[in-house]
Amino acid sequence: MSESLLIYWLPNIITAFMHQYPEVHLTVKPIDYEDLADQLKQNEIDVALLVETNSWLSSELKIHKLTDEKLVLVHPPKKETTNMLVTEYTCSWRPIIEEYLTYHSQPTENKLELPSIEAIKKCVLLGLGKSMLPQFVVKEEIDQGKLHYEKTKFEDSIAIYAAHHKDKWVSANINALLELLP
């Protein structure tokens, strides 16, 4: 699973799966995006759950789009900031952030790269900058007024996917997991 899904989706998925299939051993680990197809082909992982751009395709993988998501520009309320907190270059939506910065950054704006979605969110909450994050990551904070967001043309540019290698057999356990996903 991608980091954001590990934090915000995993608890509900595991609860439902373990309730229905208490005898199945489930191992969850973070995705290495650069080597995803090989990990799936070599049976290092059976299925990947990840956040990708809305137009993501792969000739090596069978892809199931689970849901469209929003990528929102968030900032602390009532605090002006010139910092843009960005994800690592391996993040699937980093090119979207770079495109946004190309057209909207100010000469005085600093870009700070952080390795964790949760670290970025915490820094935005502390007023250290603004960032573009999936809405499901910051929904609670937006609803509570702890963060504000601005609409951008990039809002509808991400989705959540399940993927497995197109040439690999999918077990009954994996099919059961896939059926539990939204």
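Select His165, which sits in strand E8 (residues 158-165); helices (H or I, at least four residues) and strands (E, at least two) are DSSP runs numbered from the N terminus. The model is predicted: local features need pLDDT of at least 70, side-chain atom pairs count only at pLDDT 80 or more, and totals for chains, interfaces and linings use all residues. Residues are numbered from 1 along each chain as its sequence is written, and side-chain values use heavy atoms, with hydrogens and water left out.

Is His165 buried or exposed? With a relative accessible area of 4%, His165 is buried (under 20% is buried, over 50% exposed, partly exposed in between; 1.4 Å probe, protein chains only).

Now show what surrounds His165. Leaving out residues up to four places away in sequence, His165 touches Ala37, Leu40, Lys41, Glu60, Leu61 and Lys62; a contact means heavy atoms within 4.5 Å. Next, select Asp167: its backbone nitrogen is 3.1 Å from a polar atom of the His165 side chain.

Move to Asn43, in the loop between helix H3 (36-41) and strand E1 (48-53). The phi of Asn43 is near 60°, a positive value in a residue other than glycine.

Finally, zoom out to the whole chain. The protein has seven helices and eight strands. Its radius of gyration is 18 Å, close to the 16 Å of the globule rule for 182 residues, so the protein is as compact as a globular protein of that length. The radius is taken over C-alpha atoms, and the rule is 2.2 Å times the number of residues to the power 0.38. Buried residues make up 46% of the 182 residues.

How values were computed. Polar contact = N/O pair within 3.5 Å; in protein donor to acceptor, adjacent residues only side chain to side chain.
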